[in-house]
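Here is a note for a colleague who has not looked at this structure before. The points can be read in order beside the structure.

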Amino acid sequence: MKAVHFGAGNIGRGFIGLLLSRAGYEVVFSDVNDTLVSALQSRRAYTVSLADSSDELILVEGVDAIDGKDARLVAETVASADLVTTAVGVHILKHIAGALAQGIALRLQAEQPSPLHVIACENAIGGSTQLKESVLGHLPVELHEAFNRYIAFPDAAVDRIVPIQHHEDPLHVTVEPFYEWVIDRSAMLPGLPDIDGVHYVDGLEPYIERKLFTVNTGHCTAAYHGYLAGCRTIQEALASASVAAEVRAVLEETGAVLVRKYGFPADEHARYIDKILSRFTNPHLSDEVERVGRSPIRKLSPNDRLVRPALLALENGLPYGHLAFAMAAALRFDDADDAEAAEIQQSLRSNGLSATIARYSGLAEDHPIHAEIVRRYEATRPHQRGLA
Ligand SMILES: NC(=O)c1ccc[n+]([C@@H]2O[C@H](COP(=O)([O-])OP(=O)(O)OC[C@H]3O[C@@H](n4cnc5c(N)ncnc54)[C@H](O)[C@@H]3O)[C@@H](O)[C@H]2O)c1
Ligand SMILES: O=P(O)(O)OC[C@@H](O)[C@@H](O)[C@H](O)[C@H](O)CO
């Protein structure tokens, strides 16, 4: 069995590639990073270690790589694969869609095409569905019926913290011991063998929202407030009592939404929050606030980890003030190396606070959450780097 995995980065090697290889797949990574591609091609293996007190080194063998810039080669490799997965970043999905569509078109030429599952392992609601829409846009209408019959794009939720890291060996990756990979079985075609370690569910929404609105909302809250407090890492941020209190407060807000919406038992959800906070403070990891806060435009978008739970809170008459405070801190995330952070700062200078909030969050200027973000923003100052 062959899997093509787009993105030989931290999650690609440290999570998805590892599980697929253990499940018996020959994993072919497609990446645009020449260093990673040539190292994988020459060694056909890499190592993973766990961020705990063990010194276990996991060897992942039988892997290969192709140059993701070579669309023809990517298409041919997809044409002969049993499974396609991605971990490239949700904003990159549209860039891989063309070659993926070419590969799918090649498969669909066969008299009896073999089914294919394409699973986006990104931090987004409906990542595979978004990829499917992009791929469809590259395919002629006459292929759409066969496409819908033979190609499935089940949505997924993936959870494993893998910080940016630098090792002498560019392929080695250290990952936290915890992982969770949930796939929407209801969107799958018959015949794909279960992958060990994957949790299959009928209906992904509770899983992706619980993960995104707890792990990722808590994480970016720590990153944005930590950044303002002058912290370098998430571990440092959570060592600050004021930042840790904000993170817990935001998780109480999203927790109330999740318990109301999905009926999770409150004590079970409280344990889920505690477990996540303990993962953030793993002393064997050092995770920079710039990574966790990266792409603030994406994180402030209407369907993502801050605005969506705040809207659900408002709809249900629940509090959202700490979520608004995290959004205000996101607007102060002034990382010059982050193109989205730089764009927000430019918009604040050119268009002002109110228009910038409306533009990136989708919240109209007379929306109550918009007003709360303005109030919270005005209570912090950029160079103060401390909680108001
Ligand atoms: N790191 C984590 O803790 C974590 C956990 C869960 C989910 N995620 C999600 O997984 C995704 C990847 O995150 P990551 O931390 O592994 O990032 P990463 O930067 O380490 O890896 C992304 C890889 O994609 C490659 N890439 C970029 N454009 C490409 C293209 N056109 N074709 C093929 N490859 C391309 C990059 O070269 C890089 O190797 C993101 O959506 C992220 O939100 C990350
Ligand atoms: O990858 P992002 O930018 O969506 O979010 C940054 C982190 O919160 C994220 O990568 C977490 O480490 C991960 O989602 C844990 O499962």
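1. Basis of the note. This is a predicted model, in which local features need pLDDT of at least 70 and side-chain atom pairs count only at pLDDT 80 or more, while totals for chains, interfaces and linings use all residues. Residues are numbered from 1 along each chain as its sequence is written, and chains are lettered from A and ligands numbered from 1 in the order in which they are written.

2. Overall form. The protein has 17 helices and 12 strands; helices (H or I, at least four residues) and strands (E, at least two) are DSSP runs, numbered from the N terminus. The C-alpha trace spans about 65 × 50 × 45 Å along its principal axes. The radius of gyration is 21 Å, which agrees with the value near 21 Å for a compact globule of 388 residues; this radius is taken over C-alpha atoms, and the globule rule is 2.2 Å times the number of residues to the power 0.38.

3. Of the 388 residues, 46% count as buried. A residue is buried if 20 or more other C-beta atoms lie within 10 Å of its own, exposed if 12 or fewer, and partly exposed in between, with C-beta atoms placed from the backbone. Two residues are in contact if their C-beta atoms, placed in that way, lie within 7 Å. Among contacts with a separation of 6 or more, 71% join residues 24 or more positions apart.

4. Domains. The protein is divided into domain 1 (2-203) and domain 2 (206-378), with bounds from an automatic or database domain assignment. Their centres, taken over C-alpha atoms, are separated by 28 Å. In the contact between them, 17 residues of domain 1 meet 17 residues of domain 2. The side of domain 1 that touches domain 2 has 10 nonpolar, three polar and four charged residues. Here Ala, Val, Leu, Ile, Met, Phe, Trp, Tyr, Cys and Pro count as nonpolar, Asp, Glu, Lys and Arg as charged, and the others, Gly among them, as polar.

5. Records. An unreviewed UniProt entry places "domain: Mannitol dehydrogenase N-terminal" at residues 1-196. UniProt positions are given in the numbering used here, feature names are shortened, and annotations may be inferred rather than shown by experiment. The span 1-196 is 33% helix and 26% strand, and its end C-alpha atoms lie 14 Å apart. The unreviewed entry also lists a "binding site" whose residues include A3, G7, G9 and I11.

6. Ligand 1. The shell around ligand 1 has 26 residues, of which G7, G9, I11, G68 and E122 come nearest; a residue is near a molecule if its C-beta atom, placed from the backbone, lies within 6 Å of it. Helix α1 gives the most to this shell, with three residues. By class, the shell has 13 nonpolar, 10 polar and three charged residues.

7. Two residues of the listed site. A3 lies in strand β1 (residues 2-6) and counts as buried, because it has 24 C-beta neighbours inside 10 Å. G9 is in the loop between β1 and α1 and is partly exposed, with 19 other C-beta atoms within 10 Å.

8. Ligand 2. Among the surrounding residues are N123, D159, H219 and S295. Helix α7 (residues 205-228) gives the most, with three residues, and the shell divides into three nonpolar, four polar and three charged residues.

9. Positive phi. Most residues other than glycine have a negative phi. S295 has a positive phi near 55 degrees; S295 sits in the loop between α11 (289-292) and α12 (296-299) and is partly exposed, with 18 other C-beta atoms within 10 Å. R44 has a positive phi of about 55 degrees and lies in the loop between α2 (34-43) and β3 (45-50).

10. A buried strand residue. V63 lies in strand β5 (residues 63-67) and is buried, with 25 other C-beta atoms within 10 Å. Leaving out residues up to four places away in sequence, V63 touches R44, among others.
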